Amino acid sequence: MKEGTKKKIVKWWWIILVAPFLILFLTLFLVSVFGEIPSFNQLENTETNLATELISCDGKVFSTFHKENRSFVSFDELPESLVNAAIATEDARFYKHSGIDLRSLARVGVKTILMRNSSQGGGSTITQQLAKTLFPRDTEPSRFPGSKYFKLIGSKLKEWITAVKLERNYTKEELMAMYMNAIFFGSNAYGINTAARTFFDKSPSELTVEESACLVGMVNKPTRYNPVLNYDQSFQRRNHVLNQMAKYGYLSKADRDSIVQLPIELSYQVQDHNAGLAPYFRDMLRRVMQATEPKRSSYTYVEDYQKDSTAWVENPLYGWLNKNLKPDGTQYNLFTDGLKIYTTIDSRMQQYAEEAVREHLSQDLQPAFWNDLSVKRKRPFSNDVDDSVIRLVMNQARRWSDRYIDMKDRGYSENEILQSFDEKVPMRVFAWNKQGYVDTVMTPNDSIRYSKSFLRAALIAMEPGTGKMKAYVGGPDHRYFLYDNASQGRRQVGSTIKPFLYTLAMQEGFTPCDKAVNIPYSFVVPDGIWTPNSTDKDEYIGNTVTLKWGLTHSSNNISAYLMKQFGPEAMVEMCHKLGITNHLDPVYSLCVGSCDMSVSEMVAAYNTFPSKGFYVDALMVEKIEDNAGNLLSNFTVRKREAISENTAYLMVNLMQGVVREGTATRLVWKYGIQGAAGKTGTTNDQSDGWFIGYLPKLTAGVWVGAEDRSVHFESLALGGGSNMALPIWGIFMSKVLSDPTIRIENGEQFTPPVGWNMSFDCTGGDEDLVSDGNKRRDAIFF
């Protein structure tokens, strides 16, 4: 036998002998590698974390709930420049391959691997990049030698097969949209929709060519090419994308040459839970939707338990996440399921509300408060505050701080923790400047005092008749002051409670022109005799005045007179009719506002007057859809008659007198607002300033005060509701009235009830002040 033939026989013998084992090994290898390749069903239902969008009544996405801040857009919403930039830079043959570009792979193999020329780029197509993003590689470490290389090869093969599957089941346009929605752009921006808002404050469809190129340039290295962090590198990368677009015919050379000269102009804001409009509304809505069924043991007052129990049964939004399940029986996740929540918030009014709070606090009130604090020995606390109270407040603030909790968890002693609060450290604190903060060095104790020196504010606006919440501000800055003063906080209401007492009088047959003697009225209480402090000028004491005059001038004497007529139990009942649900002690001091209430309760109660006597529950959401646009829930107006329409109209007239001639005249002469009705309120020591008012088509309420009641203005002129809260209302409402797209007219009249014939022309000096010639100055006891 020839030697050559002999070698062939041996060769084939080994092939026949080894081939079955090779096939078996290859089969096992392929099964192990490709066993987890996504099925078609998985491709249809990728586990992408989608942000839940909050959408305003005027169609703006103003905030999100998110784990990854991602929201989808369709291919039709992508600008042509963005698609062209992605193709020119990432996958020039996108429309010619079927998921894997063999020509690109060959180029990578020859030029990049063999010739070591890294400038030729990678060989992954857009579809492969999409596959990698949707189904990430296994990065778990292994002790097996060379395992990472086997995993890399296996992952690549998976991406190829997944890419082919994607190409077979989706159009190129659908793939491009999926790709743009899947990319991470850095700065907590997942997907092109969030990226466009984060870097340019635009929707994707509004992006220019240079902005599209900038974002596409960030795809591979979102940190290196982030224009905020590395402007020069981002600028070069953007121009590289523009050169690629010109190379492949998507951009003329003349256009390219002009655009590459343009700077990157950003409107940058990270879309975190503090960003965007209405961050306090966002958190309040989360609390409402995540609420659980109330348990009596969790409540101090039975009224609060009854309120939440009623909400659980009657309000479909309260506890929505715990009362509504997906088709598979699991709960919806507010942060990953991509719900679309259509709220009643008006983005224009919300913007005006936040601007009004910022303008008044930063430009007028806080500077005046700094001056007020400069002469105090115990700043920010008032000089008459006992030292033991200050120690209690400061100790409580320390124990609630992250520093205290962290050091306690790490085993530090109490003395070591307290000592650390007296050691200066670098920190960033809130400031009313362009950045919203200042970097400084101070002790944590000083930082607590510094924070407590800032005045807080809350504003809520509602629509009469529907209860739709149009604006919601819970504080001056959500980054540094998380506490929601609009609904979580309850503060003493002062004279803003007086309209409820006057409502009781009107409901029982009194009229604005009925008269009372303006003298102090005293009450027998368990501790002795209580007489409300009179705020009236001496020239008015002893005169006979009308009830209209009494409310216009916020007379404590006339409020005490009405309390004598009806008693505290009847006033508590009226408050509850008007929607006040928290516990109220039936005491005589209610007539001057000694109780605590929230801004949300007070605004809803006042909204009864322009709503013609109907109390309307606050409506925050109109509908909720899933991420595919399927309707999950609808929400409708819920109302009940609280007082008669005639009584409501009488109260409108009474409170218009406050604006025309009383404590709220600034609305007319400074802000030019006509036809408004409302009431100011100031509490003990000027700790709280209120103003709640309304027009026929909008009700709004404002509260201003410090975190602690012992921090306040010393004078009534600065600390009264007419100076602390009313200007915010005036700035907000004047902005609303000046916006023709909102369609609320200045000076619009309230509609009287059908058949109304009562005259509001009360006779007497000073319009409705009547002197009987024999002034009475003695106090009357009850």
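Which residues line the largest cavity? In this predicted model, the lining of the largest cavity is made up of N485, G489, R490, R491, M597, V599, W690 and W703. By residue class, that lining divides into four nonpolar, two polar and two charged residues. The space inside the largest cavity comes to about 30 Å³, and a search of the whole structure finds one cavity of 30 Å³ or more.

The protein as a whole has 782 residues, of which 51% are buried, and its secondary structure comprises 29 helices and 22 strands. When contacts between residues at least 6 apart in sequence are considered, 70% of them join residues at least 24 apart. The protein exposes about 37,300 Å², and carbon and sulfur atoms supply 51% of that area.

| Strand | Residues |
|---|---|
| β4 | residues 425-430 |
| β5 | residues 437-442 |

Strands β4 and β5 pair in the antiparallel sense, with six bridges between them, and within this pairing F430 has Y437 of β5 as its bridge partner. The two strands form a hairpin in which six residues lie between β4 and β5; in the turn, G436 has a positive phi of about 85°. As a general point, the side chains of a regular strand alternate between the two faces of the sheet.

Definitions and conventions. Residues numbered from 1 in each chain as written. Predicted model: local features only at pLDDT ≥ 70, side-chain atom pairs only at ≥ 80, totals over all residues. Heavy atoms only, no water. Helix = DSSP H or I, 4+ residues; strand = E, 2+ residues; numbered from the N terminus. Buried < 20%, exposed > 50% of the residue type's maximum accessible area, 1.4 Å probe, protein only. Contact = heavy atoms within 4.5 Å. Areas by Shrake-Rupley, 256 points an atom, 1.4 Å probe, with all protein chains shown as cover. 1 Å grid on protein atoms, 1.4 Å probe; cavity = no way out; pocket = protein on both sides within 12 Å on 5 of 7 lines; lining within 4 Å. Points joined across faces, edges and corners; volume = space filled by probe spheres on them. Nonpolar A, V, L, I, M, F, W, Y, C, P; charged D, E, K, R; others polar. Pairing = 2+ DSSP bridges.
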